[in-house]
Amino acid sequence: MSFPEPSTIAQAHSLKLQQQIKTAMTQHHGKISFHNYMQLALYAPGLGYYSAGAHKFGESGDFITAPEISPLFGMTIASALKPYIAAMSQPDWLELGAGTGRLAESILDYLAKEKNLPQHYFILEVSADLKQRQQDYLQAKLSGEIFKRIIWLDRLPNSFSGIIIANEVLDALPVHRFKITENGAKEIYVVEANSDSTALNNFHEILDNPSSAYLEQRLNALMLPKEQGGMGLTAGYESEINLQQEALLKSLTAILTQGILLFIDYGFPAREYYHPDRDTGTLMCHYQHHAHPNPYFWPGLQDITSHVDFTALAKCGIENGLTLETFMTQGALLMHGGIMELAQAFLTQEKSSLLTANAVRKLVSPEEMGELFKAILFSKNLHIALPQQLEDADCRHRL
Ligand SMILES: C[S@@+](CC[C@H](N)C(=O)[O-])C[C@H]1O[C@@H](n2cnc3c(N)ncnc32)[C@H](O)[C@@H]1O
């Protein structure tokens, strides 16, 4: 890989994190699960990719997310959710993993114009670095009247009623990786490489038995034939499973007394996720706008992600008492949510037509984010008919 060389300071930062990962290995008989490796690489306090000061978002960072492309993304989402907002009467919002704060900014701006400002807009952000960036950015951008409604949380509240939203958060949760062998499903573990000391090969992978009985049970279920509800995975197949997204959904469901949960992310229904052709999984790394598959490249300096299995998420929500309101592509959500109409209004206000047209194309076009990114909406104790514009775009049958 011929990527831009990190600065000496950045390399020293990564080496410090690598040392911490090696210490964790020593404490666990020389190996840690890939899940634990990914947890440390992204979230080790002060050192992980999200916890430390790497720029991450935008042109000068490693990747661009939808709220960074245009405020039309957040405005259209808030517009699409209007019937739910009306049914709950100015509900509170809870955003998970707010990145730079741009999604919150666009949603709150839109709600202010609609005279539908919530009393509270809560943000739960696990990264201390991003929390500080969100606070600085939103304070500078929003009026005092709006800013005072934003409350940063350190953990989930005991109960919440209103709208929960998370854009590109599930893909950033650590996953368990596995490989199917002739001797059953094995988990991928990471060990220290014993030769050289370059960042690319400080670690390598070995297979061993799954780290928990529950994981083993889930992997065995994926190996069952399709007629028995499995995915028919056979020897040689490698992929990942995101148990943390299910744990997060369960916790959110437990605190939600009434309201909706909207997750937007890249991913597929299970049949496509575990398609026989996708036999090396969906793990992907992002370093300075280069996407590549090596999670051991300068740990702490690059993002590591995987796609979302929306069937598993839907199943988990339903099993925990949520109603699956709808599932659709991001393109459909934005088109049916009225992005074109909002773009017209937006144009007359501030942006050049070329910039706006480009942003809309990136967000909705199937070749860009429109098809790969999906939206899944759950409700709890809130009985309203699915708004017509969402009904028209609904794809729950694909799950
Ligand atoms: C890929 S970024 C997306 C940021 C933003 N939502 C956007 O669309 O630009 C993932 C975000 O999720 C946060 N995050 C990861 N795990 C989380 C969790 N369990 N709860 C809340 N935030 C989390 C990260 O710190 C980061 O802010």
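# A tour from loop to ligand

Start at H29, in the loop between helix 1 (8-27) and strand 1 (31-33). Keep in mind that this is a predicted model. Show the surface around H29. The residue is exposed, with a relative accessible area of 79%. Now look at the backbone of H29. Its phi is near 55 degrees, a positive value in a residue other than glycine. Most residues other than glycine have a negative phi.

**Stop two: helix 2**

Select the buried ones: F34, H35, Y37, M38, L40, A41, L42 and Y43. Keep Y43 highlighted. This buried residue of helix 2 is also among the residues closest to the ligand.

**Stop three: the ligand**

Centre the view on the ligand. It sits in the largest pocket. How many residues surround the ligand? The count is 18, and the closest are Y43, T65, G97, E125 and N167. Colour this shell by residue type. You will find 11 nonpolar residues, 5 polar ones and 2 charged ones.

Next, pick out individual atom pairs. Begin with E125. One of its polar side-chain atoms lies 2.5 Å from an oxygen atom of the ligand. Turn to G97. Here a backbone N or O atom lies 2.7 Å from a nitrogen atom of the ligand. Then select G99. A polar backbone atom of G99 is 3.5 Å from an oxygen atom of the ligand. On its own, the ligand has 600 Å² of accessible area, and the protein covers 95% of it.

**Stop four: helix 4**

Select residues 72-80, which make up helix 4. How many of its residues are buried? The answer is 9 of the 9, so helix 4 is largely enclosed by the rest of the structure. Step through them in order: L72, F73, G74, M75, T76, I77, A78, S79 and A80.

**Stop five: Q134**

Go to helix 7 (residues 128-141) and select Q134. Is Q134 buried or exposed? It is buried, with a relative accessible area of 0%. Show its side chain together with that of W152. The two side chains make a polar contact at 2.9 Å.

**Stop six: helix 12 and its ends**

Jump ahead to helix 12, residues 310-319. With 7 of the 10 residues buried, it is largely enclosed by the rest of the structure. The buried residues are F310, T311, A312, L313, A314, C316 and G317.

Look at the N-terminal end of helix 12. What caps it? D309 does: a side-chain oxygen of D309 lies 3.1 Å from the backbone nitrogen of T311. Now find G321, which follows the helix. Its phi is positive, near 95 degrees.

Select Q330, in helix 13. It is buried, at 1% relative accessible area. Follow its side chain. A polar atom there lies 3.0 Å from the backbone oxygen of L363. Q330 and M369 are 39 residues apart in sequence, yet their C-alpha atoms are 7.2 Å apart in space.

Stay in this region and pick G338. It lies in the loop between helix 13 (330-337) and helix 14 (339-349). Draw a distance from G338 to T356. The C-alpha atoms are separated by 14 Å, and the two residues are 18 apart along the chain.

**Last stop: N381**

Finish at N381, in the loop between strand 16 (373-380) and helix 16 (388-391). Phi of N381 is near 50 degrees, a positive value in a residue other than glycine.

Technical notes: Residues are numbered from 1 along each chain as its sequence is written. This is a predicted model: local features need pLDDT of at least 70, side-chain atom pairs count only at pLDDT 80 or more; totals for chains, interfaces and linings use all residues. Side-chain values use heavy atoms; hydrogens and water are left out. A residue is near a molecule or strand if one of its heavy atoms lies within 4 Å of it. A polar contact is a pair of N or O atoms within 3.5 Å; within protein, one must be able to donate a hydrogen and the other to accept it, and residues adjacent in sequence count only if both atoms are side-chain atoms. Accessible areas come from the Shrake-Rupley method with a 1.4 Å probe; for residues, only the protein chains shown count as cover. On a 1 Å grid over the protein atoms alone, a cavity is a set of points where a 1.4 Å probe fits but cannot get out, and a pocket is an open set with protein on both sides within 12 Å along at least five of seven lines; lining residues have an atom within 4 Å of a point. A molecule sits in a cavity or pocket if more than half of its atoms lie within 2 Å of its grid points. Ala, Val, Leu, Ile, Met, Phe, Trp, Tyr, Cys and Pro count as nonpolar, Asp, Glu, Lys and Arg as charged, and the others, Gly among them, as polar. Buried means under 20% relative accessible area, exposed over 50%, partly exposed in between (1.4 Å probe, protein chains only). Helices (H or I, at least four residues) and strands (E, at least two) are DSSP runs, numbered from the N terminus.
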